[in-house]
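Here's a quick briefing to read with the structure open beside you.

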Amino acid sequence: MGLKRYLVGVYAVAAWRKQRFIFLAVLLLVGVVGFASFSQSVSGGLTVYQMLSDFQDQPNGGNGWLRILTFKPNSDVVEVETFSPFLNQFQDDANSKFSLNYELNGSQVFSVVVLPDTQYYSAYHPEIFMNQTRWIVENRVERNIVFVIHLGDIVDNFADSTQWYNSKDAMNQLSYSGIPFSVLPGNHDFVGWEENKLSRYFLVYGPQEFLNSAYYGGSFGGDGFNNFCKFAVEGNRFLVLSLQFNPSQAALEWANSVIEANPDCNVVLATHEYLGSSGRSAIGERIWKTTVESHAGQVQIVLCGHFNGENSKVGGIISYNSREVLRIDRLPIDL
Ligand SMILES: [Zn+2]
């Protein structure tokens, strides 16, 4: 499926407002071994927000924590919340509740929900995964949830079909409700590049599963491992670019071509491994160098999961406290 298919999709809107890709927002710097304060700034730069979300070492395989990104055009911010429908709780610390400056058109408030590693839910707690997507369906109208992004490690063991069925049951609650979503394979979701079209990931989440989804734009090589979706709210046009764990150079070049073919879209880049305990991992650095950096301004948000045990304080020194504390951080970044 290619661009043409998307263009006739229901999300194509005749008159987009001119996007404002050139930002005069502050430039937020992140060091290699720690971060600078969130408020440290250099004027005239572009901003890319990089956000790690990973809760898998919390009780019950993650306790159902997810992220809610609420886009507020009237104040040009994205408010990030960390919520568990399973616990019916929010986290309110600085790594869990914060806002990002983000230029938006129109006035309609809308939300995007991010599902970090669900591997242990698919394996051991399918009811928590079901609970997450049920909450999304039930809150779709109230929060105007327009898209859901999965960050990979959908399952714990790629060879266990039951885990895939469990994940599909949960994601089907979105499909059946017509809520657009994207997926990508994490390292637990496949065994090797050569098996892409033989993988269970392909069978369960390949492009054929999105044939009736006008928002699904296509994938590199047709296997769904690297794919893109689109959605729009008023004059805000979004491209969600989902890249597999450790994407090949060819996949990253494909990603670049998709970004460049859609200059009127804000890009949210989702991938499995990107940030580690002290900034970008080697894989993340390669994605940054090949794709993000050269498209900063159009790529404004990078989302990732994968790593356990990161703990950070905004404005403080990053620390690595393996397992017990909080497994989320964000790196306000960088150019
Ligand atoms: Zn992983």
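What do the buried residues of helix 9 pack against? In this predicted model, they pack against strand 11 (236–243), helix 8 (249–261), strand 12 (266–271), strand 13 (275–276), strand 14 (279–280) and strand 15 (299–304).

**Helix 9**
- Helix 9 spans residues 282–292, and its buried residues are Ile283, Gly284, Ile287, Trp288, Thr291 and Val292.
- Looking down the axis of helix 9, these buried residues fall within an arc of 140°, so they line one face.

**Phenylalanine 220**
- Phenylalanine 220 sits in the loop between strand 9 (216–219) and strand 10 (227–233).
- It counts as buried because 23 other C-beta atoms lie within 10 Å, and the cut-off is 20 or more.
- Leaving out residues up to four places away in sequence, phenylalanine 220 touches Phe225, Asn226, Ala251 and Trp254.
- Glutamate 253 is 33 residues away in sequence, yet its C-alpha is 9.9 Å from that of phenylalanine 220.

**Positive phi**
- Most residues other than glycine have a negative phi.
- Asparagine 246 has a positive phi, near 50°, and sits in the loop between strand 11 and helix 8.
- With 17 C-beta neighbours inside 10 Å, asparagine 246 counts as partly exposed.
- Histidine 306 also has a positive phi, near 85°, and lies in the loop between strand 15 and strand 16 (310–311).
- Histidine 306 is buried, with 27 other C-beta atoms within 10 Å.

Note on methods:
Residues numbered from 1 in each chain as written. Predicted model: local features only at pLDDT ≥ 70, side-chain atom pairs only at ≥ 80, totals over all residues. Helix = DSSP H or I, 4+ residues; strand = E, 2+ residues; numbered from the N terminus. Buried ≥ 20, exposed ≤ 12 C-beta atoms within 10 Å, placed from the backbone. Contact = placed C-beta atoms within 7 Å. Arc of directions from axis to C-beta.
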